[in-house]
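Subject: Structure handover and notes

Dear colleague,

I am passing on the structure below, together with my notes on what was found in it. Please read the notes with the sequence and the structure side by side.

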Amino acid sequence: MKISTKIKLDTYSCLVTFIVTDRISQVVKSIYKKHGIGEEYSDEDGEAEGVVIEADISTYYLIIDKKFITHNTIAHEILHIVIKMTESRD
């Protein structure tokens, strides 16, 4: 299962794709491959509640595991994505 939506943020000239999935590891690996990101991703114990990926300064992904989806998880991952966006822009 994978549900996604894209949001264009004109203020930061970027696109954020929000994804809720029951296969977070597979989705992350797919994004890494699509964007040529050489990092390794490992979540062997399945404990990751969410992941934020910056493919480049204009493309971000916020991925949340459906079994952990709560208001707290969403807010926490949004904080991470905001930090990545602002750090990339100094």
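This is a predicted model: local features need pLDDT of at least 70, side-chain atom pairs count only at pLDDT 80 or more; totals for chains, interfaces and linings use all residues.

Residues are numbered from 1 along each chain as its sequence is written, and side-chain values use heavy atoms, with hydrogens and water left out.

On confidence, the protein chain averages a pLDDT of 92, and 97% of the residues score at least 70; pLDDT is the predictor's confidence in each residue, from 0 to 100. Confidence is lowest in helix α1 (residues 24-35), with a mean of 92, and highest in strand β2 (residues 14-21), with 97.

As for the overall form, the protein chain has two helices and four strands, where helices (H or I, at least four residues) and strands (E, at least two) are DSSP runs numbered from the N terminus. Along the sequence they follow the pattern β-β-α-β-β-α. The radius of gyration of the protein chain is 13 Å, close to the 12 Å that the globule rule gives for 90 residues, so the chain is as compact as a globular protein of that length; the radius is taken over C-alpha atoms, and the rule is 2.2 Å times the number of residues to the power 0.38. The C-alpha trace spans about 35 × 30 × 20 Å along its principal axes. Of the 90 residues, 33% count as buried, where buried means under 20% relative accessible area, exposed over 50%, and partly exposed in between (1.4 Å probe, protein chains only). Residues 24 or more positions apart account for 47% of the contacts with a separation of 6 or more, a contact being heavy atoms within 4.5 Å.

Turning to the strands, β1 (residues 2-9) and β2 pair in the antiparallel sense over eight bridges, and two strands are said to pair if DSSP finds at least two bridges between them. Within this pairing, I3 has V20 of β2 as its bridge partner. On its other pairing, β2 runs parallel to β4 (residues 59-65) over seven bridges, with L15 opposite T59 and V20 bridged to I64. Strand β4 also pairs with β3, in the antiparallel sense and over six bridges; V52 has L62 of β4 as its bridge partner, and β3 and β4 form a hairpin with two residues between them.

How many residues of β4 are buried? Seven of the seven are, so the strand is largely enclosed by the rest of the structure. T59, Y61, I63 and D65 point one way from β4, whereas Y60, L62 and I64 point the other way. In β2, T17 is likewise buried, with a relative accessible area of 7%, and, not counting residues up to four places away in sequence, T17 touches S4, T5, K6, Y60, Y61 and L62.

The largest nonpolar core has 14 residues, of which V28, I31, Y41, I53, Y61 and I63 touch the most other members; such a core is a set of buried Ala, Val, Leu, Ile, Met, Phe, Trp, Tyr and Cys residues joined through side-chain atoms within 4.5 Å. Helix α1, β3 (50-56) and β4 each supply at least two residues of this core, and α1 gives the most, with five residues. Apart from this core lies another, of eight residues, among them C14, V52, Y60 and L62. I31 touches I19, I53, Y61 and I63, again not counting residues up to four places away in sequence.

S13 lies in the loop between β1 and β2, a hairpin with four residues between the strands; S13 is not a glycine but has a positive phi near 50°, and counts as exposed at 57% relative accessibility. D90, in the segment after α2 (71-88), has a positive phi of about 60° although D90 is not a glycine, and is exposed, with a relative accessible area of 88%. E40, in the loop between α1 and β3, is exposed at 74% relative accessible area, and its C-alpha atom is separated by 22 Å from that of V16, 24 residues apart along the chain.

With best regards
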